[in-house]
Amino acid sequence: LAKTTQPISMDSYEGQEVNITCSHNNIATNDYITWYQQFPSQGPRFIIQGYKTKVTNEVASLFIPADRKSSTLSLPRVSLSDTAVYYCLVGGMEYGNKLVFGAGTILRVKS
Amino acid sequence: KAGVTQTPRYLIKTRGQQVTLSCSPISGHRSVSWYQQTPGQGLQFLFEYFSETQRNKGNFPGRFSGRQFSNSRSEMNVSTLELGDSALYLCASSGRDRGFEAFFGQGTRLTVV
């Protein structure tokens, strides 16, 4: 599984757009990029997944450049309730569901 | 559709005892995975069951075991509890064979005293 590097923490204010970048230099050809969100004392929640270019859903957008060595999770107009830990995972095409989480990025949204 | 249900939510056990945690996956999901989360080690994969068979295993001692029943419900057992086993234990289910899209329960907070 490809190793990922994310910022340890980020601060933002309500209403701003937040971009969290994840580096994954040794991503394999058939690896997907997946992001999870976790609130304190709760299980992680799947946010978005992509393979290349851009993916958008009702929660976030995921930007993946052509070389796929990094990806950016974009959260539009964050609110206090978006304060959470965000995890970037790379892989997913191995048989089985074994998720390998890194330390994640602690996002703090302030008023 | 009901989500992943874990019971109990909170548990306090004494060192040396054993504990069993339960997980009911989303209806139709055959893959159930277990994770341990601690402040020091973060989220770590314990094992995955699929159709009653253990399919993947993490790097945990043999004191940690699990099983899955024919209805896909899963249990996790920890024997001879140690203080370091205090953690949030999370269960996740998936309706796919692969792909990293999993649905997590609220977890069971285990405290070993």
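A: A polar contact is a pair of N or O atoms within 3.5 Å; within protein, one of the two must be able to donate a hydrogen and the other to accept it. The model is predicted. The side chain in question is that of B:Gln6, a residue of strand S1 of chain B, which covers residues 5–7. One polar atom of the B:Gln6 side chain lies 3.0 Å from the backbone oxygen of B:Tyr89. The backbone nitrogen of B:Cys91 is also in reach, at 2.9 Å from a polar atom of the B:Gln6 side chain. B:Gln6 counts as buried because its relative accessible area is 5%, and the cut-off for buried is under 20%.

For the sheet, turn to chain A. There, 5 strands form an open sheet with mixed pairing, in the order S1-S9-S8-S3-S4. Strand S1 (9–13) and strand S4 (45–50) of chain A are the edges, each pairing on one side only. From one strand to the next, the twist averages 25 degrees. Within this sheet, strand S8 (residues 84–91) and strand S9 (residues 105–110) of chain A run antiparallel and are joined by 3 bridges. A:Val85 stands opposite A:Ile106 in S9 of chain A.

The largest pocket has a volume of about 230 Å³. Residues of chains A and B line it, including A:Gln38, A:Phe39, B:Gln37, B:Leu88 and B:Arg109. By type, the lining of the largest pocket divides into 4 nonpolar, 5 polar and 1 charged residues.

Conventions
Residues are numbered from 1 along each chain as its sequence is written. Chains are lettered from A and ligands numbered from 1 in the order in which they are written. This is a predicted model: local features need pLDDT of at least 70, side-chain atom pairs count only at pLDDT 80 or more; totals for chains, interfaces and linings use all residues. Side-chain values use heavy atoms; hydrogens and water are left out. On a 1 Å grid over the protein atoms alone, a cavity is a set of points where a 1.4 Å probe fits but cannot get out, and a pocket is an open set with protein on both sides within 12 Å along at least five of seven lines; lining residues have an atom within 4 Å of a point. Grid points are joined across faces, edges and corners, and a volume is the space filled by probe spheres set on the points. Ala, Val, Leu, Ile, Met, Phe, Trp, Tyr, Cys and Pro count as nonpolar, Asp, Glu, Lys and Arg as charged, and the others, Gly among them, as polar. Two strands pair if DSSP finds at least two bridges between them. Helices (H or I, at least four residues) and strands (E, at least two) are DSSP runs, numbered from the N terminus. Axes are lines fitted to C-alpha atoms, for helices over the stretch in contact, and angles run from 0 to 180 degrees between N-to-C directions. Buried means under 20% relative accessible area, exposed over 50%, partly exposed in between (1.4 Å probe, protein chains only).
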